Amino acid sequence: MSTTPYRSAVRRFAVVGHPIGHSLSPVMMRAAFDALGLACTYDAIDVADAAAMERAVMELRAGERDGLNVTVPHKRAALALADDAGEEATRSGAANVLVRDPHGRIRAENTDAPAIVHVIEPLLRARRWALILGSGGAARAALLACEAMGFQGVDITSRSWTTPEVAWRRGADLPELRAQVQYEPWITDWGEPAQLAAREADLVIQATSAGMLDEH
């Protein structure tokens with residue numbers, strides 16, 4: 001496939017994920033482009049599996065689009081498919097933005113972590129312990145955000161973590177932090193994550209896919 005830049009006065013962007021029908025990104029981004037007077041389009045593209053994600057990146061590399069936002073479940077794959085990456089993407093092991101340069105090279109970025117810091121930090125009263133629900137790409141960014149905000153420790157739990165042994169084994173794949181990190185199974189002898197949060201946490205970050213509508 002050619003890497004000749006796509007020749008168009010209109011720049012083309014999209015969000016990719018699966019499912020994608022729930023995404024409000026097209027509405028928000030089109031409104032932003034209109035407000036700024038930018039000649040840009042923005043679509044939602046259902047990318048069902050790893051092969052489809054590879055095709056989406058090939059199209060980006062060929063110049064058929066100028067950039068992609070990436071959501072569940074492809075944030076880790078997006079990083080692996082890029083040619084280089086920013087610090088947040090590298091440390092978190094996940095990317096929510098892919099950008100094409102004029103030569104067809106793809107750079108991965110993760111804007112989730114700085115966005116969490118920007119929104120949450122002004123609201124914090126204490127920075128002892130945070131609780132993160134989930135262990136995917138969004139949770140990885142949340143971990144880095146907690147470190148940047150100066151939390152002393154972070155509890156992490158995931159719906160797929162059924163025992164303490166599973167929690168520690170799978171948690172070992174998450175980014176390392178300077179803060180103390182505790183991995184918890186989803187349901188423990190003393191209760192569920194909501195009770196965990198009430199025990200110690202000054203901040204709870206919901207980083208699972210719960211609440212997404214299964215639309216295409």
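1. Two strands are taken to pair if DSSP finds at least two bridges between them, and in this predicted model strand β7 (residues 129-133) and strand β10 (residues 203-206) pair in the parallel sense over 4 bridges. Within that pairing, Leu133 stands opposite Gln206 in β10.

2. Strand β7 is also joined to strand β8 (residues 153-158) by 5 bridges, and these two strands run parallel; Ala130 has Val154 of β8 as its bridge partner.

3. Helix α5 (residues 112-120) has Ala113, Ile116 and Val117 as buried residues. Seen down the axis of α5, its buried residues fall within an arc of 95 degrees, and therefore they line one face of the helix. That buried set packs against α6 and β10, whereas the face turned away from the buried side carries the exposed residues His118 and Val119.

4. A separate part of the model is an open sheet formed by 6 strands in the order β2-β1-β3-β5-β6-β4, with mixed pairing. Strands β2 (40-46) and β4 (84-85) stand at the edges with a single partner strand each, so one side of each is left without a neighbour in the sheet. Inside the order, strand β3 (residues 67-70) is joined to strand β5 (residues 97-100) by 3 bridges in the antiparallel sense, and the partner of Gly67 in β5 is Val99.

5. Helix α1 (residues 25-36) lies across β1 (11-17) and β2, running at about 175 degrees to β2, while helix α2 (residues 50-61) lies across β1, β3, β5 and β6 (106-109), running at about 35 degrees to β5.

6. Lys75 deserves a separate look, being placed in helix α3 (residues 75-81). Its relative accessibility is 11%, and because buried means under 20%, Lys75 counts as buried. Leaving aside residues up to four places away in sequence, Lys75 touches Val70, Ala94, Ala95, Asn96, Asp112, Gly137 and Ala138. The C-alpha atoms of Lys75 and Ala142, which lie 67 residues apart along the chain, are separated by 14 Å.

How values were computed. Residues numbered from 1 in each chain as written. Predicted model: local features only at pLDDT ≥ 70, side-chain atom pairs only at ≥ 80, totals over all residues. Heavy atoms only, no water. Buried < 20%, exposed > 50% of the residue type's maximum accessible area, 1.4 Å probe, protein only. Arc of directions from axis to C-beta. Contact = heavy atoms within 4.5 Å. Axes fitted to C-alpha atoms, helices over the stretch in contact; angles between N-to-C directions.
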